[in-house]
Amino acid sequence: MAMFATLANAWFGLVFRRKKVNRQSSLQQGLSKCLTTWQLIHLGVGATLGAGTYVVTGQVAAKMAGPAVVISFTIAAITSLLSGLCYAEFGSRVPQTTGSAYTYSYVTIGEIWAFFIGWNLVLEYMIGTAADAAALSGSFDYAIGYRVREWTQENIGSFNSEYLGDFPDILSFVFTIVVTIVLAFGVRESAVFTVTFNFFNISVVAFIIITGIFYIDFDNWTKGDGFFPYGASGVLSGAATCFYAFVGFDIIATTGEEAKNPAKSIPIAIVASLVIIFLCYFGVSSVITLIVPYSKLDKHSPIPGAFSQRGLGWANYIISVGAICGLSSSLLGNLFPLPRIIYAMAKDGLLFKMFTKINKKTEVPVNATIYPGILTALFAFFFDLEELVEMMSIGTLLAYTLVSLCVLILRYQPDSYYSSESQPFVNKNNESETDDGENTSSTIFMNDISSIKTINNINKADEPNNPLITNKEDLKESLLPNSDEKVPINKKINAVKEADLPTEFSGRVVSCMCLCLFVWFFAFNSTLLFAFDQIYNKQAWAIFLLAFFGILILISIGLIYSMPQSQTKYSFMCPCVPALPIIAIYANTFLMLKLSKITWIRFTVWMVIGVAIYLFYGTRNSKVDVNNEHTDEST
């Protein structure tokens, strides 16, 4: 029994070990730091504003929500923004590392969860890229009269399997390989490619909205089947599908090692790109459902079809150019973060070492770019768009859920939760320095901003009546010394009562309650969705289950609210914590359960493969030892 307990403790120590972010090692990475805030916004918009505009709008309007597709997009946008704000805080907390939600969960929750989330992100980006390639292939083929499809079916034939596409998609294969080559040439060249295509894409979106305004007919929203032809259930199902249209903004969070000023640029770029994307989707979906009845929309080419029905066939040429540019940009944007996720996982020892190789000339992880790019091209070759989209959202929603959980957990952890090595030193000019004296003021960890805000509060305080202040001048001197001597920014001060600061115990309570909250949300939403008829008919067992899980949710939230939060400030802080992350977790969980059964089956197969890799390779080769010390190897 004792041996079993020892083995169990050793196992848990392995899979739940956390990565400590070392400031000096994070500055010694091998990727090129060349991306500005403006380029990050373009990457986010380019990765997202593609198939959602030219394909998803028509599919959701025609088959799921009708004119209420605009509400579906709004719900999906709000859900994405909630997760985006959590991503933005992480971007300011851990700004010097690549890996997005993978790295964030590694730092906060533990290795096994980090691997699962990274593995899901790999699935998301591969399937997203293949889906965009299939959509681009269809748009290009539509523009030339479906000549490629006809030639392929006549000379190569079709697939005779329900699990594959109708025919081999040669165009999507070629498009994916071309974009892989573009990415292999370097991140700067990729950004230029994205900015150029974004300009044409957004210009065409503006053309669609402005031109369509002159042909709108509000009878298409009010007469016939009305604005909600499929009811509230159709709107929510549409929102789950529309969520696919917002997948891609998290590309910004994967560029921590390549952004010039990540602590500032990442939060701004995430929020700005989501706002731009929502305005475009809302405008396009409103116009196309107002100029023709939703039931007459072509699900494969809804926008050109709508304009053709109003006698504007000439506009199809302009729309086709925009679709090709937008989908090309989205294709690159979805493939862009894939090698960076794989590189980050391989660098930590959780995936094969061959993926850590960086080309000295282009400063790009070359193996992590080429081999996944080829596999993605094969997905695009064998599967059609509808099958690819079905596999897309579940990994993303789970990733967004874990990011929100991480933000919630971190806010309630004591300062000792992080390694002391991650704390900067401050000199009299309030500039951060590494141990070797290198000035890094442009990428300061924002703990020193916390000190400045603390001093501002002290200056405004009425000292005799302020119980939080012991000695104002001594406190100032300890925070911002006037000498050149280096002083740790996390020097112990007595400015705040210990009761107002989190402890290890309170941090563990919040961590436990957050994970329980995810389980309770999952059970509550499952009961609500799959036993709705029984609840509506007042079946006792269904009402009991709903009330039981509801009470557990309220207890967990109450315990979280009762615990003290950390006083450390960063360049961006997610507002309304804990409420906003809790809402994000609930919304993401709800949308996950709206996905189809086949999506869950495919997701399970993918996760089984991932578990095998982690158990037989990752646990043995991880660079994080049981003492939570992380060692980086030069690549």
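Here is a short chat about a predicted model of one protein chain.

Colleague: Hi! How many helices and strands does the chain have?

Modeller: Hello! This is a predicted model, and its chain has 26 helices and three strands.

Colleague: And what share of the residues counts as buried?

Modeller: Of the 635 residues, 56% count as buried. Among contacts with a separation of 6 or more, 83% are between residues 24 or more positions apart.

Colleague: Let's look at a helix pair. At what angle do α3 and α13 cross?

Modeller: Helix α3 covers residues 37–48 and helix α13 covers residues 262–291; their axes cross at roughly 40° and come within 8 Å. That angle makes α3 oblique to α13.

Colleague: Is that crossing left-handed or right-handed?

Modeller: The crossing of α3 past α13 is right-handed.

Colleague: Which residues meet there?

Modeller: On the α3 side you have T37, L40, I41, G44, V45 and T48. They meet S265, I266, I268, A269, A272, S273, I276, I277 and Y281 of α13.

Colleague: How many of those are nonpolar, polar or charged?

Modeller: The contact of α3 with α13 has ten nonpolar residues, five polar ones and no charged ones.

Colleague: Changing topic: where does N201 lie, and is N201 buried or exposed?

Modeller: N201 lies in helix α10, residues 187–213. N201 has a relative accessible area of 0%, so N201 is buried.

Colleague: What is N201 in contact with, beyond its sequence neighbours?

Modeller: Setting aside neighbours within four places in sequence, N201 contacts L49, Y54, G322, C325 and G326. For L49, the backbone oxygen lies 2.8 Å from a polar atom of the N201 side chain.

Colleague: Nice. Now the backbone: which residues does the cis peptide bond with omega of about 15° join?

Modeller: That cis peptide bond joins V577 and P578. P578 lies in the loop between α24 (540–562) and α25 (579–593).

Colleague: What about C576, what is its phi?

Modeller: C576 has a positive phi of about 55°, although it is not a glycine. C576 is also found in the loop between α24 and α25.

Colleague: Is C576 buried or exposed?

Modeller: C576 is exposed, because its relative accessible area is 58% and the cut-off for exposed is over 50%.

Colleague: One more: where is K538, and what is its phi?

Modeller: K538 sits in the loop between α23 (532–536) and α24. K538 is not a glycine, yet its phi is positive, about 60°. With a relative accessible area of 69%, K538 is exposed.

Colleague: Great, thanks!

How values were computed. Residues are numbered from 1 along each chain as its sequence is written. This is a predicted model: local features need pLDDT of at least 70, side-chain atom pairs count only at pLDDT 80 or more; totals for chains, interfaces and linings use all residues. Side-chain values use heavy atoms; hydrogens and water are left out. Axes are lines fitted to C-alpha atoms, for helices over the stretch in contact, and angles run from 0 to 180 degrees between N-to-C directions. Helices (H or I, at least four residues) and strands (E, at least two) are DSSP runs, numbered from the N terminus. Angles under 35 degrees count as roughly parallel, over 145 as roughly antiparallel, 65 to 115 as roughly perpendicular and the rest as oblique. A crossing is left-handed if the near helix is turned anticlockwise from the far one by less than a right angle, and right-handed if clockwise. Contact means heavy atoms within 4.5 Å. Ala, Val, Leu, Ile, Met, Phe, Trp, Tyr, Cys and Pro count as nonpolar, Asp, Glu, Lys and Arg as charged, and the others, Gly among them, as polar. Buried means under 20% relative accessible area, exposed over 50%, partly exposed in between (1.4 Å probe, protein chains only). A polar contact is a pair of N or O atoms within 3.5 Å; within protein, one must be able to donate a hydrogen and the other to accept it, and residues adjacent in sequence count only if both atoms are side-chain atoms.
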